[in-house]
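Have a look at the model, then read on.

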Amino acid sequence: MKAALVGTDGTLLHEARRATGRERGADAVVETILAFAADLRAHGEEHLGESAVAAGVAVPGIVDAEKGIAVYAANLGWRDVPLRALLGERLGVPVALGHDVRTGGLAEGRIGAGRGTDRFLFVPLGTGIAGAIGIAGAIEAGAHGDAGEIGHIVVRPDGPDCSCGQRGCLETLASAAAVTRAWAAASGDPAADAADCAKAVESGDPAAVRVWQDAVDALAAGLVTALTLLDPGTLIIGGGLAEAGETLFTPLRAAVEERITFQKLPHIVPAALGDTAGCLGAGLLAWDLLSTEVSA
C-alpha cells in the first residue's frame, strides 16, 4: 500500500508504504488501511503542523464510488466493504473512494503526462489492461462504473480464453502477464518475464522480437478501437510493460499509425508518475470532494 499527504496543488508532502498483509485475511487488510490513514494524519499534525482535512482512497476491483463501497476485489477477498464510512469514522473527515486505475488516470491527466490535455486515455499495462477516460480534468466512470475496460476488447476472436468468459481479449495478448507467459514458453525458461523479453528484444533475439511484436500488434489493434470511439488528444501508456521505454513506444507508435485511416493520431506518451499515480490521484479525489462540498 502507498499513502501520502498531498497539498492543494498535488504536491507530495510526505509518502509512506506498508505491506497489505492480505495473508491475514480481508478484515485485517481493512484494519491496516484504517490504521495507516490514522498514522498518516498524525504525521501531518506532528511534522507539518496541521491535520489532513479530507482523505481519498483508491482500491482495485469493482468499486461503487458514489456509495463509497469496495464491492469486490478478488486479490483482497473483499465483498461489499463500506470503506468510505469506515475511514470517515476513524478519521472524522470527508472521504472519497475511487477505483485504482481511474484514480491513477486522474493524476496522470491532471498533474502528470496529460497535464494541459482536455481529453486523454490512460492505459496501464500490468497483470491485466484497463483504461481511464479523461474529460475536462475528470475521469468518466460510465453509467455503471465500468467505463474504460479496454482490456476486454476482443482483438483476436480465436485467441486465448479470458477470465471474463470471452476469447482473444486484449489483456490475454498484450498485458505484461501475457508477454511473460509467451516469453517463458518461447525461451523455455519458466522464470523468464516480460522485462527479460524486452532485454532480449534489445539484444536482437529473433524469438523475443516475435513475441514482442505479436503483443505490440494486439495492443495497437485494441488501442485503435479505443481511439475510434473516444478520439483522445493524448494516449498515456503506463504499467510494468511501459518501463521498456522506446523498446515498446517506437514499434507501438508505428503500429497504431499504420492502422488508422480517418482517425486523428494522438500523442502517445509514457506515464510520468510511476507507481505513485494512484496515491496522488487519491489525494486529488479528496481535494475535489472538499471543493464540491464548498460549492454545494
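Q: In this predicted model, which residue of β10 is the bridge partner of Ile135?
A: The partner of Ile135 is Ala138 in β10.

Q: What makes β9 and β10 a pair?
A: Two strands pair if there are at least two bridges between them. β9 and β10 (residues 138–140) have three bridges, in the antiparallel sense. Therefore they count as paired. They form a hairpin with two residues between them. In the turn, Ala136 has a positive phi of about 55 degrees.

Q: How do you know that β8 pairs with β9?
A: Count the bridges again. Four of them join β8 (residues 119–124) to β9 (residues 132–135). The cut-off is at least two, so this is a pair. The two strands run antiparallel. One of the bridges links Phe120 to Gly134 in β9.

Q: How do β8 and β11 run, parallel or antiparallel?
A: β8 and β11 (residues 234–238) run parallel, joined by five bridges. Pro124 has Gly238 of β11 as its bridge partner.

Q: Which helix packs on the sheet?
A: Helix α3 (residues 100–111) does, and it touches β8, β9, β10 and β11. The direction of α3 makes about 130 degrees with that of β8.

Q: Why is the pairing in the five-strand sheet called mixed?
A: The open sheet has the order β10-β9-β8-β11-β12, and its pairing is mixed. β8 and β9 run antiparallel, whereas β8 and β11 run parallel.

Q: What makes β10 and β12 the edge strands?
A: β10 and β12 (267–270) each pair on one side only. Across this sheet, neighbouring strands are turned by 30 degrees against each other on average, direction ignored.

Q: Which residues make the contact between α1 and α2?
A: From α1 come Val30, Glu31, Leu34, Ala35, Ala37, Ala38 and Arg41. From α2 come Leu83, Leu86, Leu87, Arg90 and Leu91.

Q: How many residues of each class are in the contact of α1 with α2?
A: Nine are nonpolar, none is polar and three are charged. Glu and Arg count as charged, and this contact includes Glu31, Arg41 and Arg90.

Definitions and conventions:
Residues are numbered from 1 along each chain as its sequence is written. This is a predicted model: local features need pLDDT of at least 70, side-chain atom pairs count only at pLDDT 80 or more; totals for chains, interfaces and linings use all residues. Side-chain values use heavy atoms; hydrogens and water are left out. Helices (H or I, at least four residues) and strands (E, at least two) are DSSP runs, numbered from the N terminus. Contact means heavy atoms within 4.5 Å. Axes are lines fitted to C-alpha atoms, for helices over the stretch in contact, and angles run from 0 to 180 degrees between N-to-C directions.
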